[in-house]
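Subject: Structure handover

Hello,

Here is the structure for you to look over. My notes follow below it.

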Amino acid sequence: MPTRGSKYREDDVRVRDNNFNMTVCERRASFSLPSFVFYLYAVLTTIIVSLYMLLQTAWKQKVPTIPKLYYKESTLATYLLKSCPRLACPYIPTFWAKNGHMQTILSFLIPQPEVLFRRKYFQLRDDGVIALDWVIANSARRIHDRTSIVIVLPGLTGGPDSVADICKEASRRGFRAVVFNKRGHGNSPLTTPKLQSFGDTSDLRQVLKYIRDLYKHAKISAIGVSSGSGLLVSYLGEYGSSTYLSTAVCISPGYSAKELYENGTKNLYQWGMLQGLKLLLANHSDALASVIDVDKALQSRNISEFEEMVYCKLYGFKDLDDYWEKNDPMREVDEIAIPVLCINSLDDPVCPSGIIPFDLFSVLPNFLLVTTEHGGHCGFFEGCQPESWANRLSIDYVEAVLQFSPTASPTQGSPDHTFRSRSV
């Protein structure tokens, strides 16, 4: 979710240890209201569209449905069904924003909560820089070396302010939360002529190794939001049982990115994502001008053209087929070795239900898919004052997995390897 006139207070303190080069600063994201005209326009638009949707569906209201689950029987799955009450309760979307498009739009309109971050700049082996935004927890809650960590991967061009709600929820529940900002993202500098591609996991690997070494006794979990889940799935598949992670959650994942961009997301949503990518490119045009034709890339008509003109050039791929062969998140999905929760809405206008690989969840015992009839893309708002149901379910799941201590392996299936597709 974009910021609205965010103001930052920064006090730079540079530190160096024997292994890592870091720059540290603190900043408070204090969200000011947008201009009166914009705010009025947003409110009126929301009211008008919501009233239309309410009138359209008033005569065909359905009884709220329980989320549908897809999983393979295992001791972990049985435990999760008992330990996550949200999985057994109906998801009731905000009554005035039930439509998938409205849920998606609200994810951009509703301001994120105020969160205080401490930013650390992590220097990579090639002199690139990754910004890590650590949530400064409430002083009343004790944080120590064994406190479990949740690392959050924002969406396509998002930064810490777009995932502040999930960070705040994780912190409230006692986790040490941190946001992973890709190179040049989250208002961070681009110090090398390189942007991170969809499937390049090397930067994330270095960061997770650093966090593991910094907090040797803490369990680390990861939550990917939208396209951030694509990077997360790529990483989990590439590193298998040596990911340094205990569990992971994907909110509104797109699964096969190639299929999504070629056959899924169309029109307004792809146009919006493309503009975000172009803005990112324009902000770092000086750093990238020596390796790509920035002006030509800024004239891209769709995301596939942008990927070809930017990422294929940066990484030396001969064409898009070669690029997606090495960058598609699903390329090594069968190598994933830790528990993973995927949350999808069937009315998602960005990642439509047709691209969900339901069969995947019948063969991989580490995976659990939760689908809802409503929720849009990264929306899942509930209540009169909308709050994200998916964000809270994500933390529920992480808590449950970390508390799980079976006598058998978490991936051990039942004797008959039964597959379940059910509502509980």
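Which residues make a nonpolar surface patch of about 290 Å²? Leu44, Ile47 and Ile48 make it. Keep in mind that this is a predicted model. Ile47 sits in helix 1, which covers residues 36-57. Its relative accessible area is 43%. Ile47 therefore counts as partly exposed, as the value falls between the 20% and 50% cut-offs.

Next, the overall picture. The protein has 424 residues, and 55% of them count as buried. Its secondary structure comes to 15 helices and 14 strands. Take the contacts in the protein with a separation of 6 or more: 78% of them join residues 24 or more positions apart.

Helix 4 (residues 164-172) packs with helix 15 (residues 389-403) at an angle of about 40°. Their axes are 10 Å apart. The crossing of helix 4 past helix 15 is right-handed. On the helix 4 side, Asp165, Ile166, Glu169 and Ala170 make the contact. Helix 15 brings Asn391, Arg392, Ser394 and Ile395.

Last, Asn267. This residue lies in helix 8, residues 267-283. Is Asn267 buried or exposed? Asn267 is exposed, because its relative accessible area is 68% and the cut-off is over 50%. Asn267 and Asn302 are 35 residues apart in sequence. In space, their C-alpha atoms are 9.3 Å apart.

Best regards

Terms used: Residues numbered from 1 in each chain as written. Predicted model: local features only at pLDDT ≥ 70, side-chain atom pairs only at ≥ 80, totals over all residues. Heavy atoms only, no water. Helix = DSSP H or I, 4+ residues; strand = E, 2+ residues; numbered from the N terminus. Buried < 20%, exposed > 50% of the residue type's maximum accessible area, 1.4 Å probe, protein only. Patch = residues over 30% accessible without salt bridge, like charges linked within 9 Å, V, L, I, M, F, W, Y side chains within 5 Å. Areas by Shrake-Rupley, 256 points an atom, 1.4 Å probe, with all protein chains shown as cover. Salt bridge = Lys/Arg side-chain N within 4 Å of Asp/Glu carboxyl O. Axes fitted to C-alpha atoms, helices over the stretch in contact; angles between N-to-C directions. Left-handed = near helix turned anticlockwise from the far one by under 90°. Contact = heavy atoms within 4.5 Å.
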